[in-house]
Amino acid sequence: MKGIIKIAAIVVIAIALFFGCKKNVQDTDFKDVDRITLEGLPEERPVADSLNYSFSVSPISTTAATLTLVVKLGGNVVDTDRSFKLEVDAAKTTADASEYTLPSSFTIKAGKVAANIPVTLKRSSRIADRSIKLTLKAVANENFQVGRKSSFTFIWTDDVVKPVTWTGSFQFALGNYSKVKHRLVLSSTEYKDLNLIDATKDYALYDVIYYIASASLAKLNEYNSAHPGAPLRNEFGEVIEICGSCK
């Protein structure tokens, strides 16, 4: 019996060693090859592999906005600069070349594990009522292969875009999102970029949220009083209200 147990233990150990030493061929970021991946800058609030930006939060004099593409190294850090290659994915891009600006070259500096690439988005006239997209993709070169997160998309417009923070307490205070309600909120207080008001990260912002809701309600009542029988409606034709479950 002891002999059988000993043999079984040896087999288990052998299998563990075999699979422990074997490279996982499904892991495209395996560290025997230096790779690059693309993502957004956390402070700019990307969602997954894209970032939405609206010029509606900027003064009318603003003609461009510079956002950030983060290119991360998976592999070895070296003591020399290394160039990498990015391309515009034409099949997924709707922006014209005149509506954005990219650097002429891309480099991960010596001793660094990432590079922040400035991407300048232009405020063209045609984005007043639509969104346009720029998708960038990593391309292998002599220095780097491509990791799993190989593309990133910038989406921008001059129209309002639902803030990523319009959930939870924000939705409880203001009700369901609509573009008309969003414009009402922007016209009611000094707070223009609602993406920056994240009460889950700063409890003090709960007071800001309820201040915005109160000011927006006052503005709504002012509008409705000035338009008897024709209350403010959203883009779906529904009467706008400010409350936890309102349209």
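## Strands, salt bridges and a pocket in a predicted model

In strand E9, the residue that forms the bridge partner of Lys85 is Val139.

### How the strands pair

The bridge between Lys85 and Val139 belongs to the pairing of strand E5 (residues 85-88) with strand E9 (residues 131-139), which is antiparallel and extends over 4 bridges. Strand E9 also pairs with strand E11 (residues 151-157), again in the antiparallel sense, and here 7 bridges join the two strands. Within this second pairing, Leu134 has Phe154 in E11 as its bridge partner. In general terms, strands of a sheet are held in pairs by hydrogen bonds of the backbone, and the two may run parallel or antiparallel.

An open sheet is formed by 5 strands in the order E6-E8-E3-E1-E10, and its pairing is mixed. At its edges lie strand E6 (100-101) and E10, each of which pairs on one side only. The parallel sense is found between E1 and E10, which are joined by 2 bridges, and in E10 the bridge partner of Arg35 is Gln145.

Is Thr68 buried or exposed? Its relative accessibility is 14%, and because the limit for a buried residue is under 20%, Thr68 counts as buried. Leaving aside residues up to four places away in sequence, Thr68 touches Gly40, Leu41, Glu44, Asn116, Ile117 and Phe154. Phe154, one of these contacts, is also the residue in E11 that is the bridge partner of Leu134.

### Salt bridges across the chain

| Salt bridge | N to O distance |
|---|---|
| Lys149 and Glu39 | 3.1 Å |
| Asp198 and Arg45 | 3.5 Å |
| Asp159 and Arg183 | 2.6 Å |

With a relative accessibility of 46%, Lys149 is partly exposed, while Glu39, at 17%, is buried. Lys149 and Glu39 are also linked with Lys72 in a network of salt bridges.

The salt bridge between Asp198 and Arg45 likewise links distant parts of the chain, with Asp198 in the loop between helix H3 (179-188) and helix H4 (205-226) and Arg45 in the loop between E1 and E2, 153 residues apart. Asp198 counts as buried, its relative accessibility being 12%.

In the salt bridge between Asp159 and Arg183, Asp159 belongs to the loop between E11 and helix H2 (168-174) and Arg183 to helix H3, and these two residues are 24 residues apart. Asp159 is buried at 11% relative accessibility, whereas Arg183, with a relative accessible area of 41%, is partly exposed.

Most residues other than glycine have a negative phi. The relative accessible area of Ala48 is 73%, and because a value over 50% is the mark of an exposed residue, Ala48 counts as exposed.

### The largest pocket

The largest pocket holds about 390 Å³ of space. Its lining is made up of 23 residues, and those nearest its centre are Glu44, Asn52, Tyr53, Asp193 and Asn195. Glu44, named here as part of the lining, is also among the residues that Thr68 touches. Which strand gives the largest share of the lining? That share, 5 residues, comes from strand E2 (residues 50-54). By type, the lining divides into 11 nonpolar, 6 polar and 6 charged residues.

Terms used
Residues numbered from 1 in each chain as written. Predicted model: local features only at pLDDT ≥ 70, side-chain atom pairs only at ≥ 80, totals over all residues. Heavy atoms only, no water. 1 Å grid on protein atoms, 1.4 Å probe; cavity = no way out; pocket = protein on both sides within 12 Å on 5 of 7 lines; lining within 4 Å. Points joined across faces, edges and corners; volume = space filled by probe spheres on them. Nonpolar A, V, L, I, M, F, W, Y, C, P; charged D, E, K, R; others polar. Buried < 20%, exposed > 50% of the residue type's maximum accessible area, 1.4 Å probe, protein only. Contact = heavy atoms within 4.5 Å. Pairing = 2+ DSSP bridges. Salt bridge = Lys/Arg side-chain N within 4 Å of Asp/Glu carboxyl O.
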